[in-house]
Amino acid sequence: MTKQKPGLFGVKYSNRDFTQAETWGKNQFNSSFPVGLTNFLASRNLENVYFYLDKELKVKHKKISAKELYGIEPSSDDLFFSFESPYTPYQQLVIGSLPRVDLVTQLRSNGQCLRPIEVKLTALPDNSTCVLSEEYYGCEIVIRPDTIVYLACSIAANFKDNKKQLSTLIGSQFDEITDWTDGVSVWSYISEMIAVIDRIVLSVLEKQEPLIMQPIWKTNGKSPKLADNCLDVFMWSNFAFTQLFVDVARGELSEGVNRITRHVRTIIWLFKMLYDFSKQGQINHHKIIDELSYNTKNDKAFAVSGRITHRYMTCAELTKPRIEKKEIRKIILGGGQNLLSPERRFDAIIYNSPELFT
C-alpha cells in the first residue's frame, strides 16, 4: 500500500510542496489550509456563506459555490492554486509592481488567471466578544494595505474602457485639493469621498465579485480548545467589503471624530486610487500608501473587532460552524499535522501550564 504524502484536501496542483516542512509554517498554513477546507465543504455539497452588497448599500447573505469562487470546478484537473502570487490581469492597472495576493486560481492548461483571493483565517470569538454568549461571538479581521490595492483594481477594472464614466461619477470638486498629504486639506472632503465611493459601487453593482475569503475557527470561549463544530468559510464580495470600513468611518464621523483614523485613511487611499485611475488610467499604489500616511503607521490598513464584524456576519453558520473538529483529519492529509510549526508564545505557555502555580 502506497503511503499518502502530506497535503490538503483537494489541493492537487499548486506552487507549494506540502511534503516540505517550510510549507507548513504559520504564514503559509494560514492561507493554504482554508483552500483545503473550502474544497472539503464542496465535496460535501456545502456552499460558502457569501456577503454581498444590495442596491440599498446593505450587506446581505447568500451562498457561493467553490466553482463560482475559483472560477472552475474545485475537482477539475485543470485547476492550479498559485499561492502568494500577483493576479496579472491587474498588472496594467498599476504603476510599478503589482502586490501579491494570497491565492490566484489558474488554469493549468494555459496559465490563465481566474480569481484573486485574499485569505483571512480568523479566530472565533475574539477578545472583544469572548465574554458574550455564543450567538454574539465575532471575529477580528485585520486588513493589509495590499488588500486595498486589489480592492481598487477590482473596481477600476470595470472602467478600464470607460474612464470618462468614472470621472463623471467622481466629479471635479476634488481637483481643488493641492496637497493630498496634508490631512487638514483633505479632511473637509471625506464625506463627499464616501458618497462618491457609494455612487461608483452602485453604478457597477452587478459586477461585484468575491475578493476576501474569511474562514473561521471556533474555540470554546477564550480557551485553546476547539469547539465541536469549529470550521466554516465566509466570503466577502469586493463591494460588501468596502462597506465594512466605510460604515465604521461613518460611525466615527457621526460621533464627532476629527482626525484621520485608519478607517478614514483607507477611504482616502481607495478614493485616491480610483481618482488617479480616472485621470491617468493607472494607480500608483506605492506612492499613495507611502505618502498618505497621516502620521499613522501603514503596516496595516485597518482592523475591525468582532463586535463590529458580528453585525455583518451573524447567521446560523457563525453560531454553529458546519465542519466538526473530528473532520480536520480529512482535510489535513498524510501526516501534514506533524510538519506544522506553530508560533510559541510565552504568555500562552504560562496560561496553559497551571501546574506551575500549584
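The sulfur of Cys153 lies too far from any partner for a bond, because the closest cysteine sulfur, in Cys113, is 13 Å away. Keep in mind as you read that this is a predicted model. The structure as a whole holds zero disulfides. Cys113 is likewise in no disulfide, its nearest cysteine sulfur being that of Cys153. Both residues are tucked away from solvent: Cys153 counts as buried because its relative accessibility is 0%, and Cys113 counts as buried because its value is 13%.

**The chain as a whole**

Stepping back, you will find 12 helices and 13 strands in the protein chain. Its radius of gyration is 21 Å, close to the 21 Å that the globule rule gives for 358 residues, so the chain is as compact as a globular protein of that length. Along the principal axes, the C-alpha atoms fill a box of roughly 70 × 55 × 35 Å. Of the 358 residues, 51% are buried. If you take the contacts between residues at least 6 apart in sequence, 72% of them join residues at least 24 apart. The accessible surface comes to about 17,000 Å², and carbon and sulfur atoms account for 48% of this area.

**Aromatic pairs**

How many aromatic pairs are there, if ring centres must lie within 6.5 Å? The count comes to 18. One of them joins Phe174 and Tyr189, and this pair is tilted because the ring planes stand at 50°, with the centres 5.9 Å apart. Phe174 sits in the loop between helix H4 (163-170) and helix H5 (183-187), while Tyr189 sits in the loop between H5 and helix H6 (190-203), so the pair ties together parts that are 15 residues apart in sequence. Phe174 has 0% relative accessibility and therefore counts as buried; Tyr189, at 15%, counts as buried too.

Phe241 and Phe245 make another pair, and this one is edge-to-face. Both residues belong to helix H7 (residues 238-254), where they are four residues apart, about one turn of the helix.

| Ring pair | Centre to centre | Angle between planes | Class |
|---|---|---|---|
| Phe174 and Tyr189 | 5.9 Å | 50° | tilted |
| Phe241 and Phe245 | 5.7 Å | 70° | edge-to-face |

Phe174 and Tyr189 also take part in a cluster, in which ring pairs link them with Trp180, Phe271 and Tyr275.

**Charges over rings**

Over the ring of Tyr52 sits the charged end of Lys62, 4.9 Å from the ring centre. Tyr13 has Arg108 over its face, at 3.6 Å from the ring centre.

**Around Gly306**

Where is Gly306 placed? This glycine belongs to helix H10, which covers residues 306-313. Is Gly306 buried or exposed? Its relative accessibility is 0%, so Gly306 counts as buried. Leaving aside neighbours within four places in sequence, the residues in contact with Gly306 are Asp126, Ser128, Thr129, Gly138, Cys139 and Glu140.

Conventions: Residues are numbered from 1 along each chain as its sequence is written. This is a predicted model: local features need pLDDT of at least 70, side-chain atom pairs count only at pLDDT 80 or more; totals for chains, interfaces and linings use all residues. Side-chain values use heavy atoms; hydrogens and water are left out. Rings of Phe, Tyr and Trp (its six-membered ring) pair if their centres lie within 6.5 Å; planes under 30 degrees apart count as stacked, over 60 as edge-to-face and the rest as tilted. Helices (H or I, at least four residues) and strands (E, at least two) are DSSP runs, numbered from the N terminus. Buried means under 20% relative accessible area, exposed over 50%, partly exposed in between (1.4 Å probe, protein chains only). A charge sits over a ring if NZ of Lys or CZ of Arg is within 6 Å of the ring centre and within 35 degrees of the ring normal. Contact means heavy atoms within 4.5 Å. A disulfide is a pair of cysteine sulfur atoms within 2.5 Å. The radius of gyration is taken over C-alpha atoms; the globule rule is 2.2 Å times the number of residues to the power 0.38. Accessible areas come from the Shrake-Rupley method with a 1.4 Å probe; for residues, only the protein chains shown count as cover.
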